[in-house]
Amino acid sequence: MQLLSNWDGMGARTCLGMNMAKAMVLVFLHRLTTTYNWKVIDSDSSVKKWALFSRLKSRCPVPVTRINNRKDVTASRGSQ
């Protein structure tokens, strides 16, 4: 049990899926930034307190459009 308690220096109660979750978020952000364009419509940066978190008053509306000049690998696999 010594191996599990010292795994990554975080103790025995560390979530084993933590690194998988980090990898999934990194893949999502990569796909979002390389496959889509977006533009902020309302540049009002005023903040209001909402429950425990602060948020923008305009809620930051952002239209997202897919970049068409890029070939989607998953779509080309499905058509074979």
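**Note on the predicted model**

1. Trp38, Val40, Val62 and Val64 together make a nonpolar patch of about 330 Å². Keep in mind throughout that this is a predicted model.

2. Is Val62 buried, partly exposed or exposed? Its relative accessible area is 31%, so Val62 counts as partly exposed. A residue needs over 30% relative accessible area to join a patch. Val62, at 31%, is partly exposed.

3. Now step back to the whole chain. The protein has three helices and four strands. In what order do the elements run from the N terminus? The order is α-α-β-β-β-β-α.

4. Some totals for the protein follow. It has 80 residues, and 4% of them count as buried. The accessible surface is about 7300 Å². Carbon and sulfur atoms account for 61% of that surface. Among contacts with a separation of 6 or more, 37% are between residues 24 or more positions apart.

5. Turn to the strands. β2 covers residues 47-50 and runs antiparallel to β3, with four bridges joining the two. Which residue in β3 is the bridge partner of Lys49? That partner is Ser54.

6. Helix α2 spans residues 18-35 and includes Thr35. Thr35 has 3% relative accessibility, so it counts as buried. The cut-off for buried is under 20% relative accessible area. What lies 2.9 Å from a polar atom of the Thr35 side chain? The backbone oxygen of Arg31 does.

7. Thr34 also lies in helix α2. Is Thr34 buried, partly exposed or exposed? With a relative accessible area of 27%, Thr34 is partly exposed. A polar atom of the Thr34 side chain lies 2.7 Å from the backbone oxygen of His30.

8. Find both residues in the model and compare the two separations.

Notes. Residues are numbered from 1 along each chain as its sequence is written. This is a predicted model: local features need pLDDT of at least 70, side-chain atom pairs count only at pLDDT 80 or more; totals for chains, interfaces and linings use all residues. Side-chain values use heavy atoms; hydrogens and water are left out. Patches are made of residues with over 30% relative accessible area and no salt bridge: like charges are joined within 9 Å, nonpolar side chains (Val, Leu, Ile, Met, Phe, Trp, Tyr) within 5 Å. Accessible areas come from the Shrake-Rupley method with a 1.4 Å probe; for residues, only the protein chains shown count as cover. A salt bridge is a side-chain nitrogen of Lys or Arg within 4 Å of a carboxyl oxygen of Asp or Glu. Buried means under 20% relative accessible area, exposed over 50%, partly exposed in between (1.4 Å probe, protein chains only). Two strands pair if DSSP finds at least two bridges between them. A polar contact is a pair of N or O atoms within 3.5 Å; within protein, one must be able to donate a hydrogen and the other to accept it, and residues adjacent in sequence count only if both atoms are side-chain atoms. Contact means heavy atoms within 4.5 Å.
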